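Hello,

Here is the structure I promised to pass on to you. Have a look at it first, and then read my notes below.

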Amino acid sequence: CGFSTGYGAAINTAKVKPGSTCAVFGLGGVGLSVVMGCKAAGASRIIAVDINKDKFAKAKELGATDCINPRDFQKPIQEVLTEMTGQGVDYSFEAIGHADTMIAALASSNMSTGVCVMIGELDSGSEISIDPTLLLIGRTWKGTALGGWKTRECIPKLVSGYLEKKFNSDLLITHTLPFAKVNEGFELLRAGK
C-alpha cells in the first residue's frame, strides 16, 4: 500500500508534469514513494519537508533536490516554500495525516494553478477548517487512496515495473524483522526509524 499510494499520488492523482516543482510533506514510506513518483514524472525540483532530519539522506537518494525542517524557520513552512519557489510549488503532497500540515501543503501550492494531494489519513470523524480564499483563486485540492490505482489492473503493472527495474522500491526498506518481532517493528515505525 505505501509505495503504490505515494508513487501513484504523483503519477496518477496529481499527474506531475516534467519540469515542475513539488513539495512532499512527510518522509515516511508513503512520502518517500511520492518523491520517487515526482522524480519518475520528471519534476525538476522536489522539496522534501519533515521534522526528522535523519530522513533527509534517503529522500535525496530517492530524488529530493532540497530537504527542509519546518522547525528551522521562524515563519510558517508555506511561506518558506513560496519564497523558495517564487510563487509556490506546482504540486504539494501531504503524507502525514495532520490537519495543520494539510492546510500548509495546500497553501504552499501556487495560488492560481497549484495542485495539492492529501494522502495522510486524519482520525475518523475529523474536520478541517480552511480559509476559502485558498481555493477561490484556482488551487486544486485532491485526495487519494492507493494512489489512484485500480488494484485488479494496475498492481500487476506495478509488479512488472519493479521486475523491469523501472523503480526500486527496495530502497524504502529500513529493517527486516521476523514476524515474532512485529511489535518491535511498530516501535521502530513510531520512532521515525
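This is a predicted model: local features need pLDDT of at least 70, side-chain atom pairs count only at pLDDT 80 or more; totals for chains, interfaces and linings use all residues.

Strand 2 is joined to strand 3 (residues 66–68) by three bridges, and the two run parallel. Helices and strands here are DSSP runs numbered from the N terminus, with at least four residues (H or I) for a helix and at least two (E) for a strand; two strands pair if DSSP finds at least two bridges between them.

Residues are numbered from 1 along each chain as its sequence is written, and side-chain values use heavy atoms, leaving out hydrogens and water.

Strand 2 also pairs with strand 1 (residues 21–25): five bridges join them, again in parallel. Thr21 stands opposite Arg45, and Ala23 stands opposite Ile47. Strand 1, helix 2 and strand 2 make a right-handed β-α-β unit. Because four of the five residues of strand 2 (residues 45–49) are buried, the strand is largely enclosed by the rest of the structure; buried means under 20% relative accessible area, with a 1.4 Å probe and protein chains only.

Six strands form an open sheet in the order 3-2-1-4-5-6, with parallel pairing. Strand 3 and strand 6 are the edge strands, each pairing on one side only.

Finally, helix 1. Helix 1 (residues 2–14) has 13 residues and reaches 17 Å from first C-alpha to last, close to the 18 Å expected at 1.5 Å a residue; the expected span is 1.5 Å times one less than the number of residues. Helix 1 bends by about 50 degrees at Gly8, the bend being the angle between axes fitted to the seven residues ending there and the seven starting there. Ten of its 13 residues are buried, including Phe3, Tyr7 and Thr13. Just after helix 1, Lys15 takes a positive phi of about 55 degrees.

Best wishes

Methods: Buried means under 20% relative accessible area, exposed over 50%, partly exposed in between (1.4 Å probe, protein chains only). A crossover is right-handed if, with the strands pointing away from the viewer, the path from the first strand over the helix to the second runs clockwise.
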